[in-house]
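Visitor: I have this one open on my screen and would like to talk it through. Could we start with the surface?
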Amino acid sequence: IHHFTAGIVFAAAATEILPDLKQQSPVAVLLGGAVGVLLMLLVRRLGEKAQGPVGFIAAVGVDIFIDGLVLGIAFAAGAKAGLLLTLALTLEVRF
């Protein structure tokens, strides 16, 4: 279920935000994607080292922080995109 809700978040971001950004600055989209992949690899590495309650709390904290950044970007893109991602992220965090 968690992967399904994460897919909903990805689909909402891809359909509502990415087309506008791609037209304005394709280089920024590519750089942002590359930085995102590097950060995911870094978080994975840190998650392997920090286990137990501390690792879990750190992983949840990073997840919520990134969700907040995504929501900020979505609302900057428009109210419709922000609301759609708020609903999708609510489902994702719930599960």
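Visitor: How much accessible surface does the protein have, and what share belongs to carbon and sulfur atoms?
Guide: In this predicted model, the accessible surface of the protein comes to about 7100 Å², and carbon and sulfur atoms account for 75% of that area.

Visitor: Which residues make the nonpolar surface patch?
Guide: The patch is made by Val43, Val62, Phe65, Ile66 and Leu69, and covers about 430 Å². Its largest share, four residues, comes from helix α4.

Visitor: And where is valine 62 found, and why isn't it classed as buried or exposed?
Guide: Valine 62 is found in helix α4. Its relative accessible area is 33%, so it counts as partly exposed, because buried means under 20% and exposed means over 50%.

Visitor: Okay, stepping back, how many helices and strands are there?
Guide: The protein has five helices and zero strands, so that reading from the N terminus the elements run α-α-α-α-α.

Visitor: What share of the residues is buried?
Guide: Of the 95 residues of the protein, 14% count as buried.

Visitor: Changing topic, what does UniProt say about residues 25-43 and 55-77?
Guide: The UniProt record, which is an unreviewed entry, places the feature "transmembrane region" at both of those stretches. In the model, residues 25-43 are 95% helix and 0% strand, with the end C-alpha atoms 27 Å apart, while residues 55-77 are 100% helix and 0% strand, with the end C-alpha atoms 33 Å apart.

Visitor: Where is confidence lowest, and where is it highest?
Guide: Confidence is lowest in helix α2, residues 18-24, at a mean pLDDT of 66, and highest in helix α4, residues 53-77, at 82. For the protein, the mean pLDDT is 78, and 89% of the residues reach 70 or more. Where pLDDT is low, the predicted coordinates should not be read in detail.

Visitor: Last one, leucine 84: which helix does it lie in, and how far is its C-alpha atom from that of alanine 74?
Guide: Leucine 84 lies in helix α5, which spans residues 79-94, and its C-alpha atom is separated by 8.7 Å from that of alanine 74, a residue ten positions away along the chain. Leucine 84 is also partly exposed, with a relative accessible area of 34%.

Notes. Residues are numbered from 1 along each chain as its sequence is written. This is a predicted model: local features need pLDDT of at least 70, side-chain atom pairs count only at pLDDT 80 or more; totals for chains, interfaces and linings use all residues. Side-chain values use heavy atoms; hydrogens and water are left out. UniProt positions are given in the numbering used here, feature names are shortened, and annotations may be inferred rather than shown by experiment. Helices (H or I, at least four residues) and strands (E, at least two) are DSSP runs, numbered from the N terminus. pLDDT is the predictor's confidence in each residue, from 0 to 100. Patches are made of residues with over 30% relative accessible area and no salt bridge: like charges are joined within 9 Å, nonpolar side chains (Val, Leu, Ile, Met, Phe, Trp, Tyr) within 5 Å. Accessible areas come from the Shrake-Rupley method with a 1.4 Å probe; for residues, only the protein chains shown count as cover. A salt bridge is a side-chain nitrogen of Lys or Arg within 4 Å of a carboxyl oxygen of Asp or Glu. Buried means under 20% relative accessible area, exposed over 50%, partly exposed in between (1.4 Å probe, protein chains only).
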